[in-house]
Amino acid sequence: MSISDAMKRVAASYAWHRALGNQVVPGQHCHVIRDPTHPDVWSSNHASGVTAESDPQIDAVFEELDAHLGHCAHRLVSTDCFTPEKFVAELAMRDYRELAPTLQMFLPGELAPTATAAVQLRPVTTEADWETLFALVRADHEEGARTNRVALPEAVSRGIVEGFRKKAGPSTMYLAEQGGEPCAYGAAIVCPNGLGMIEDLYTVPASRGRGIASTLIQTGVFMLRQCGCDAIFLGAHISERPKYLYRKLGFLPLLLTREFVLEQ
């Protein structure tokens, strides 16, 4: 697979996963993803796949945002290396604030050997599992490292977990336990274009540095390979340390996906 093909497939898979489980309103120059039941969950209410280059096309994208995200107190746009630069410049002109970019990293072959942890992993299936996952998500959001240093309200955490549930099928959430205590979670996603995606990795602070994240990744990669995925990717905020672990495991930096928000 060429680098160009890998970039196109990763960008398409990332956008597909963010839309999964939500309403998708296709427009001429973008797609608007929406979930009116959770207006404050940014990842469920945004625009992506922007192709607008001329001024009329760009204006049409912002009109689409207003038309379909009127239930939200924000406007969020997701971009990647295929988004026209003129449109990205217009986001800055309109006072959209850039959030921490995500470094999408690509595993073309096998994982590098690494130490793993003696943890019990299981897919999230029961109501009790989902409540356990919610408790871990709350810990994640209260810490704020993966939410742009913002401690999200509980209602937003609930909405995000409900979003995880709506993605079930292509996406499998995993819980990790050590000594009977939940300590981490992550997702493995089978994308429709043959890629596998590792997403939403989190380990509680007291359990870090023990190989738990590596174990989650190893399990996810194995499952995705079993499902026929020919390559795997995952993302890391550029300001956070997990990107170094991912590179040690064999993931290579491929492209940046970026988000811009206007809070109204």
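1. A cavity is a set of grid points where a 1.4 Å probe fits but cannot get out. In this predicted model, the count comes to one cavity of 30 Å³ or more. The volume of the largest cavity is about 40 Å³. Its lining is made by Tyr 174, Gly 186, Ala 187, Ala 188, Ile 198, Leu 201, Leu 216 and Gly 220. Strand S9, strand S10 and helix H6 (212-226) each supply at least two residues of that lining. The most comes from S9, which gives three residues.

2. The open spaces come next. The second largest pocket holds about 400 Å³ of space. There are 22 residues in its lining, and Ala 11, Ala 12, Ala 15, Gly 49 and Asp 80 are the ones that lie nearest its centre. Helix H1 (3-19), strand S2 (31-34), strand S3 (46-48) and strand S4 (74-79) each contribute at least two lining residues to this pocket. Which element gives the most to the lining of the second largest pocket? Helix H1 does, with eight residues.

3. The aromatic rings deserve a separate point. A pair of aromatic rings is described by the distance of the centres and the angle of the planes. A search of the whole structure gives three aromatic pairs. In one of them, the ring centres of Phe 62 and Phe 87 are 5.5 Å apart and the planes meet at 20°; planes under 30 degrees apart count as stacked, so this pair is stacked. Phe 62 belongs to helix H2 (residues 55-68) and Phe 87 to helix H3 (residues 85-93), so the pair ties together parts that are 25 residues apart in sequence.

4. Are Phe 62 and Phe 87 buried or exposed? Phe 62 has a relative accessible area of 5% and is therefore buried, the limit being under 20%. Phe 87 is also buried, with a relative accessible area of 0%. Another aromatic pair is formed by Tyr 185 and Tyr 202, whose ring centres are 5.8 Å apart with planes at 40°, so the pair is tilted. Tyr 185 is in strand S9 (residues 181-190) and Tyr 202 in strand S10 (residues 195-203), and the pair links distant parts of the chain, 17 residues apart. Both of these tyrosines, Tyr 185 and Tyr 202, are buried.

5. Two further features involve rings. Phe 62 and Phe 87 form one aromatic cluster together with Tyr 96. Over the ring of Phe 62 sits the charged end of Arg 94, 3.9 Å from the ring centre. Elsewhere, Arg 158 lies over the face of Phe 134, and the distance to the ring centre is 3.6 Å.

6. In soluble globular proteins, nonpolar side chains tend to be buried together. The largest nonpolar core here has 56 residues, and Leu 133, Ile 217 and Phe 251 touch the most other members. Apart from neighbours within four places in sequence, Leu 133 is in contact with Val 124, Phe 164, Met 173, Leu 175 and Tyr 185. A second, separate core has 18 residues, including Leu 65, Cys 72, Phe 87 and Leu 91.

7. His 29 is in the loop between S1 and S2. Its relative accessible area is 15%, so His 29 is buried. Residues up to four places away in sequence aside, His 29 touches Gly 49, Val 50, Thr 51, Ala 52, Gln 57 and Val 61. Pro 26 lies in strand S1 (residues 23-26). With a relative accessible area of 59%, Pro 26 is exposed. Pro 26 and Ala 118 are 92 residues apart along the chain, and 45 Å separates their C-alpha atoms.

8. The last point concerns the backbone. Most residues other than glycine have a negative phi. Asp 95 is not a glycine, yet its phi is positive, at about 70°. Asp 95 is placed in the loop between H3 and strand S5 (97-98), and it is exposed, with a relative accessible area of 62%. Asp 200 also has a positive phi, near 60°. Asp 200 lies in strand S10. Is Asp 200 buried or exposed? Asp 200 is buried, because its relative accessible area is 16% and the limit for buried is under 20%.

Key. Residues numbered from 1 in each chain as written. Predicted model: local features only at pLDDT ≥ 70, side-chain atom pairs only at ≥ 80, totals over all residues. Heavy atoms only, no water. Phe/Tyr/Trp six-rings, centres within 6.5 Å; stacked < 30°, edge-to-face > 60°. Helix = DSSP H or I, 4+ residues; strand = E, 2+ residues; numbered from the N terminus. Buried < 20%, exposed > 50% of the residue type's maximum accessible area, 1.4 Å probe, protein only. Lys NZ or Arg CZ within 6 Å of the ring centre and 35° of its normal. Core = buried A, V, L, I, M, F, W, Y, C linked by side-chain atoms within 4.5 Å. Contact = heavy atoms within 4.5 Å. 1 Å grid on protein atoms, 1.4 Å probe; cavity = no way out; pocket = protein on both sides within 12 Å on 5 of 7 lines; lining within 4 Å. Points joined across faces, edges and corners; volume = space filled by probe spheres on them.
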